[in-house]
Amino acid sequence: MPGITGPSDYSKEPIRHDSLQINSKEPFNAEPQRSALVSSYLTPADLFYKRNHGPIPIVDDIEKYYVSISGLIENPKQLFMEDIRKLPKYNVTATLQCAGNRRTAMSKTKTVKGVGWGVSAIGNAVWGGAKLTDVLELVGIPKLTSTNKYGGKYVEFVSIDQCKEENGGPYKASITLSQATNPEADILLAYEMNGEPLNRDHGYPLRVVVPGVIGARSVKWLEAINIIAEECQGFFVQKDYKMFPPSVNWENINWSSRRPQMDFPVQCVICSLEDTTTITPGKVSINGYAASGGGRGIERVDVSVDGGKTWMEASRFQKSDIPYTADDDGNCDKWAWVLFEVTADIQQSTEIIAKAVDSAGNVQPEKVEDIWNLRGILNTSWHRIQVHVNDSNS
């Protein structure tokens, strides 16, 4: 494609922050330390988790780069960056989370297939760009359209990268046209992250951001937008990122029996303590993040310091100067995570647990065994920390 290329090897990868935990070198997949993850409400780009399926594309000439829009529309169009920048710019604060977040913990129950993620395959940023609704209006698709007059029901996003799962073809994914044309869904063609141009790892020069949905649908290095009648037939929609029950294995799996995962469920993780931590007796600060998909807020975060016998409610916050409420009242960021904190007096070895409730009353499953699945996605079980107290006086 003019202006940008998807390399076939890893010889021109970008420089990454040296504190990242590398889970896969080629393709590069890495996450920050959990304590660094919640040190700020907005995640710096360098510390935002890196999820890739192939070598990072290279922009040769930004002036020649464009996105093609075609398919079931009357007038296909090519949009250059200057065309996209002429559209109204929106800033949307949104949390992206890999569907495989916390996969390593699920794999301890029974081995699963996929990149071994800890608890930090998640991040929160202010994304800047044009709304997808405005872009689609340029090709004759009005807002709040579920099916256009040519039979288009889905919007497919195609990357420029090369993925082995697609036999060297590009990564691609789709969402429904009704979601794509809903202004309140806040879907962006983003060219900025936290007020700066996207870096290469995060989709420079242009990416899709679909708030409230697993990160797999927010396609980076956008090459094409296709209006299609059926959902995307690519590997990552049809044969990945689907939620199966624990009874399904690689011998009896039927991929077509499950819908592609979209919204992510309610999630909560303690980040101030490692999974196994030794402390001295006394006051302990317990903090972390909670998030739910679909724009649902976090109604409550419960923390137990006695293995689940008793619970206390943690304080929740986003921006320091605005009290957090789980309602979509316009004052809080509906697509973003919530940070939580509580202080407890811990005098003996124990298990600390955190769990969240979202604004729809959805809760997290108590045991990871109940939601184990062969691809290890959507581990939203109660987060448990084993604490050993080192009492030097004993």
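Predicted model: local features only at pLDDT ≥ 70, side-chain atom pairs only at ≥ 80, totals over all residues.
**Aromatic pairs**

I searched the whole structure for aromatic pairs and got eleven. For a pair, the ring centres of Phe, Tyr or Trp (its six-membered ring) must lie within 6.5 Å; planes under 30 degrees apart count as stacked, over 60 as edge-to-face, and the rest as tilted. I looked up phenylalanine 48 and tyrosine 49: their ring centres are 5.5 Å apart and their planes sit at 20°, so this pair is stacked. Phenylalanine 48 and tyrosine 49 are both buried. Buried means under 20% relative accessible area, exposed means over 50%, and partly exposed is in between (1.4 Å probe, protein chains only). One aromatic cluster takes in Phe48, Tyr49, Trp117 and Trp127.

Residues are numbered from 1 along each chain as its sequence is written, and side-chain values use heavy atoms, with hydrogens and water left out.

**Salt bridges**

Next I went for charges. How many salt bridges does the structure hold? I got 17. The rule is a side-chain nitrogen of Lys or Arg within 4 Å of a carboxyl oxygen of Asp or Glu.

Glutamate 74 and lysine 149 make one of them, at 3.9 Å from N to O. Lysine 149 is exposed, with a relative accessible area of 71%.

Glutamate 192 and lysine 89 also meet in a salt bridge, at 2.6 Å from N to O. They too link distant parts of the chain: glutamate 192 is in strand β11 (residues 188–193) and lysine 89 in strand β7 (residues 89–97), 103 residues apart. Buried or exposed, I wondered about glutamate 192? Glutamate 192 is buried, with a relative accessible area of 15%, while lysine 89 is partly exposed at 41%.

Then I checked aspartate 302 and arginine 300, whose closest N and O atoms are 2.9 Å apart in a salt bridge. Aspartate 302 is buried at 6% relative accessibility, and arginine 300 is partly exposed at 31%. I also noted a network: salt bridges that share partners join Glu13, Arg16 and Asp201.

**A glutamate without a partner**

Glutamate 166 is in the loop between β9 (154–159) and β10 (172–176). Glutamate 166 is buried yet has no salt bridge, and the nearest side chain of opposite charge, lysine 172, is 5.1 Å away. For charge, Lys and Arg count as positive and Asp and Glu as negative; His and the chain ends are not counted. What does glutamate 166 touch, leaving aside its neighbours within four places in sequence? I found contacts (heavy atoms within 4.5 Å) with Lys172, Gly234, Phe235 and Phe236.

**An open sheet**

I traced an open sheet of four strands, in the order β15-β17-β21-β20, with antiparallel pairing. The edge strands, each pairing on one side only, are β15 (267–270) and β20 (315–317). Two strands pair if DSSP finds at least two bridges between them. β20 and β21 (residues 338–346) pair in the antiparallel sense over three bridges. Serine 315 has glutamate 341 in β21 as its bridge partner.

**Strand β23**

Strand β22 (residues 350–358) pairs with β23 in the antiparallel sense over five bridges, and threonine 350 stands opposite valine 387.

Isoleucine 322 is in the loop between β20 and β21. Isoleucine 322 counts as partly exposed at 30% relative accessibility. How far is the C-alpha atom of isoleucine 322 from that of asparagine 362? They are separated by 25 Å, with the two residues 40 apart along the chain.

Notes: Helix = DSSP H or I, 4+ residues; strand = E, 2+ residues; numbered from the N terminus.
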